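The entries follow in the order I made them.

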Amino acid sequence: MRILVADNDRNVASSIVDYIELQGDYVDYVDRSDVMFELVQNNTYDVIFLDTLMPGKSGFESCKVLREKLFCKVPILLITAQSTLQDKLEGFVSGADDYLAKPFALEELIARARALASRGDRQDIGEKQLLDVRINYQTYQVFRQNNLINLSQTQYKIFCFLVKNYPNVVSKSAIEYEIWGDNLPHSDVLKVQIYQLRKRIDKPFLIPLIRNIRGVGFKLALEK
């Protein structure tokens, strides 16, 4: 195995690194999230050990970056001194595959690592399934009921913003700011883009997906 250890506690990290090397496995060690992100993009790992109390971005935040921005598919085991149920749930929501609270036996840590490595890389990273829609964030493709929907760049951004905020209603002004920032277009541009988006996402199907909440904004919902 090749393992990446990300932990700013040098004493704990040193023990982990020494034990991994004694097992005949390969290991890289970092104590900062930004260095971890760089290594992940330029190397291949079987498992990542990530401490939740990293400086700068927490382990939970770093895990989300790995999954949602870098599309890292490597199994991630969170190491933490926090062992409440809420902490564990936050870890899994952030994209972790396993969770081990300190103090722990190094034998258990490596056993968990081998179990994770045996499963291989995550196959669901870089995609999101919502209702009857699937988005591939790596290829910028949208599928509805397994049919590829051809969207312009602006339509894709609008739809992803609606997906991100599901099931909430998103105001017109929020969509405009998300897409164009402070360089807002004239008033009809968003209306035209939404019309074209609904034409592609909704018109070919029996049940519309994009709902116009009059006077409020837009939301996604499957309702007959």
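Entry 1, the open sheet. I looked up the strand order and found β6-β7-β8-β9, an open sheet of four strands with antiparallel pairing. Pairing here requires at least two bridges found by DSSP between two strands. At the edges stand β6 (127–130) and β9 (147–149), each with a single partner strand, so one side of each has no neighbour in the sheet. From one strand to the next the twist averages 25°. Axes are lines fitted to C-alpha atoms, for helices over the stretch in contact, and angles run from 0 to 180 degrees between N-to-C directions.

I then checked β8 (residues 141–144), which is joined to β9 by three bridges and runs antiparallel to it. Val142 stands opposite Ile149 in β9.

Note on the model. I am reading a predicted model, in which local features need pLDDT of at least 70, side-chain atom pairs count only at pLDDT 80 or more, and totals for chains, interfaces and linings use all residues. Residues are numbered from 1 along each chain as its sequence is written, and side-chain values use heavy atoms, with hydrogens and water left out.

Helix α6 (residues 153–165) lies across β6, β7 (133–136) and β8, at about 115° to β7. Contact means heavy atoms within 4.5 Å.

Of the 224 residues, 42% count as buried. Buried means under 20% relative accessible area, exposed over 50%, and partly exposed in between (1.4 Å probe, protein chains only).

Which residues of α3 are buried? I listed Gly59, Phe60, Ser62, Cys63, Val65, Leu66 and Arg67. That is seven of the 10 residues of α3 (residues 59–68), so the helix is largely enclosed by the rest of the structure. The cover over these buried residues includes α2 (33–42), β3 (47–51), β4 (76–80), α4 (85–93) and β5 (98–101).

I found Leu222 in the segment after β12 (217–220). Leu222 is partly exposed, with a relative accessible area of 36%.

Technical notes: Helices (H or I, at least four residues) and strands (E, at least two) are DSSP runs, numbered from the N terminus.
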